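Student: I would like to learn how to read a protein model step by step, going from the whole chain down to single residues. Could you take me through one?

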Amino acid sequence: VTVENITYGTNANIIIKADVDREYLVYVDNTPYTVHVKNGSASFTVGGLTVGDHVANVTVTDGNYSGTDSTTFNVSKAKSEVDIEFANETTGAPLLEFRLPSDAGGNVSVYVNGKLSQVVNLTNGSANIIVKDLTVGSNNVTVVYSGDDNYDSMNKSFTVTRKATIEAYDMTRGYNSGLDYTGKLYDASGSPLANANVTIKVGTN
């Protein structure tokens, strides 16, 4: 009996080779399978195996033949193929959508400019994270997945530019000069601000 090592989430291919064509009893760990060898060989697949070592054992015992063989194979953690949707330009706190297979657990840590911003636990392999602590200008955002019993840890970095929500410039105005101070205001999506009350302070007023 031969079995190649696999990664979590894939099927193990159990191969039986024998000199006698007949039915053989094969155990994978404690689960029995009946396999019919024809022309000297047979194979079948087993899925749903946990991470770690497993044993495949084949045996035959009757009045004419007896024999046994076994092998150990390993199921390793799966590579975390993560889907991340994220805005590279923003005027506010963007939404980061983190997606892994639904059976993935663990948590996601978000670092902004090298400092830990927040830690969010996965639910059904997913997390929606409002990215905080961005400063105006270029920001380095790193997402670190902790991994779990079945999936490897991983990290991925982005450069995120946060635009100012107020676009205005310094000015020098003479007393009663008649010049007006102007600026543009934007909402969190970067669109011009509308239907909102705005309070303007000059000094302490």
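This is a predicted model: local features need pLDDT of at least 70, side-chain atom pairs count only at pLDDT 80 or more; totals for chains, interfaces and linings use all residues.

Student: What radius of gyration does the protein chain have, and what would a compact globule of 205 residues have?

Tutor: For a compact globule of 205 residues one would look for a value near 17 Å, but the protein chain has 31 Å. The box filled by its C-alpha atoms, taken along the principal axes, is roughly 115 × 30 × 20 Å.

Student: What share of the residues is buried, and what does the surface consist of?

Tutor: Of the 205 residues, 30% count as buried. The protein chain exposes about 13,200 Å², and carbon and sulfur atoms supply 45% of that area. As for charge, the mean position of the 14 positive charges and that of the 22 negative charges are 12 Å apart.

Student: Which residues touch the most other members of the largest nonpolar core?

Tutor: The general idea is that, in soluble globular proteins, nonpolar side chains tend to be buried together. In this structure the largest nonpolar core holds 46 residues, and Ile-14, Phe-98 and Tyr-145 touch the most other members.

Student: Taking Phe-98 as the case, where is it found, and is it buried or exposed?

Tutor: Phe-98 is found in strand E10, which covers residues 95-99. Because a residue counts as buried when its relative accessible area is under 20%, Phe-98, with a value of 0%, is buried.

Student: What does Phe-98 touch, leaving aside residues up to four places away in sequence?

Tutor: Its contacts include Val-82, Ile-84, Val-108, Leu-122, Val-143, Tyr-145 and Met-154, and also Asp-83 and Ser-126. Looking at the whole chain, among contacts between residues at least 6 apart in sequence, 50% join residues at least 24 apart.

Student: How should I read a backbone angle such as phi, and which residues could I look at?

Tutor: The general idea is that most residues other than glycine have a negative phi. Asp-29 is not a glycine, although it has a positive phi of about 55 degrees, and Asn-39 likewise has a positive phi of about 55 degrees without being a glycine.

Student: Where do Asp-29 and Asn-39 lie?

Tutor: Asp-29 lies in the loop between strand E3 (23-28) and strand E4 (31-36), and Asn-39 has its place in the loop between E4 and strand E5 (41-46). Asp-29 is partly exposed, with a relative accessible area of 35%, whereas Asn-39 counts as exposed at 69%.

Student: Is Asn-150, in its loop, buried or exposed?

Tutor: Asn-150 is found in the loop between strand E14 (137-145) and strand E15 (154-162), and it is buried, because its relative accessible area is 17%. Leaving out residues up to four places away in sequence, Asn-150 touches Tyr-8, Val-51, Lys-77 and Ala-78.

Student: How far apart in space are Gly-67 and Gly-48?

Tutor: Gly-67, which lies in strand E7 (residues 66-76), is 19 residues from Gly-48 in sequence and 28 Å from it in space, C-alpha to C-alpha.

Key
Residues are numbered from 1 along each chain as its sequence is written. Side-chain values use heavy atoms; hydrogens and water are left out. The radius of gyration is taken over C-alpha atoms; the globule rule is 2.2 Å times the number of residues to the power 0.38. Buried means under 20% relative accessible area, exposed over 50%, partly exposed in between (1.4 Å probe, protein chains only). Contact means heavy atoms within 4.5 Å. Accessible areas come from the Shrake-Rupley method with a 1.4 Å probe; for residues, only the protein chains shown count as cover. Lys and Arg count as positive and Asp and Glu as negative; His and the chain ends are not counted. The place of a charge is taken as NZ of Lys, CZ of Arg, CG of Asp or CD of Glu. A nonpolar core is a set of buried Ala, Val, Leu, Ile, Met, Phe, Trp, Tyr and Cys residues joined through side-chain atoms within 4.5 Å. Helices (H or I, at least four residues) and strands (E, at least two) are DSSP runs, numbered from the N terminus.
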